[in-house]
Amino acid sequence: MRVSYLLIAFLLLWVNFSCEKDELLTVECDGSSPTYDADISLIIQQNCVQCHGSGSSNGSFTTFAGISTVTSNGKFEQEVLNNQTMPQNGTLSQDQLNKIKCWVENGFPEN
């Protein structure tokens with residue numbers, strides 16, 4: 001009986017840790033000035049609209065106005081750059097994260 005509890009506890013811990021993303025990347029701005037229209041919208045379209053599409057209860061990121069809600073309250077920066085928990089079912093490349101970091105540091109310019 002005790003072995004069963006230990007086995008269950010081990011399995012729960014294993015599942016919990018196996019679902020976490022790998023070590024966080026160090027994100028740095030290279031001094032560039034990306035804009036939503038020229039650089040960021042493609043990253044968003046490729047990685048975010050699967051869950052944050054038009055009419056989504058998770059928020060619609062299909063337009064600049066739609067994503068502005070989470071950029072203005074800091075949630076976008078927190079989840080994407082600091083925690084690196086988004087996108088939920090994937091990862092962003094170092095280059096994508098660095099572009100987003102510059103976009104954030106420059107005040108989220110649209111164009």
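Tyr 36, Phe 64, Phe 76, Trp 103 and Phe 108 are linked into a cluster by ring pairs. Rings of Phe, Tyr and Trp (its six-membered ring) pair if their centres lie within 6.5 Å; planes under 30 degrees apart count as stacked, over 60 as edge-to-face and the rest as tilted. The model is predicted: local features need pLDDT of at least 70, side-chain atom pairs count only at pLDDT 80 or more, and totals for chains, interfaces and linings use all residues. Residues are numbered from 1 along each chain as its sequence is written, and side-chain values use heavy atoms, with hydrogens and water left out.

The ring rule gives 4 aromatic pairs. Tyr 36 and Phe 64 are edge-to-face, because their ring centres are 5.3 Å apart and their planes stand at 65 degrees. Tyr 36 belongs to helix α2 and Phe 64 to helix α3, so this pair ties together parts 28 residues apart in sequence. Helices are DSSP runs (H or I, at least four residues), numbered from the N terminus. Tyr 36 has 4% relative accessibility and counts as buried (under 20% relative accessible area, 1.4 Å probe, protein chains only). Phe 76 and Trp 103 also form an edge-to-face pair, at 5.8 Å centre to centre and 85 degrees between the planes. Phe 76 lies in helix α4 and Trp 103 in helix α5, so the pair joins parts 27 residues apart in sequence. Both residues, Phe 76 and Trp 103, are buried.

Conventions
Helix = DSSP H or I, 4+ residues; strand = E, 2+ residues; numbered from the N terminus. Buried < 20%, exposed > 50% of the residue type's maximum accessible area, 1.4 Å probe, protein only.
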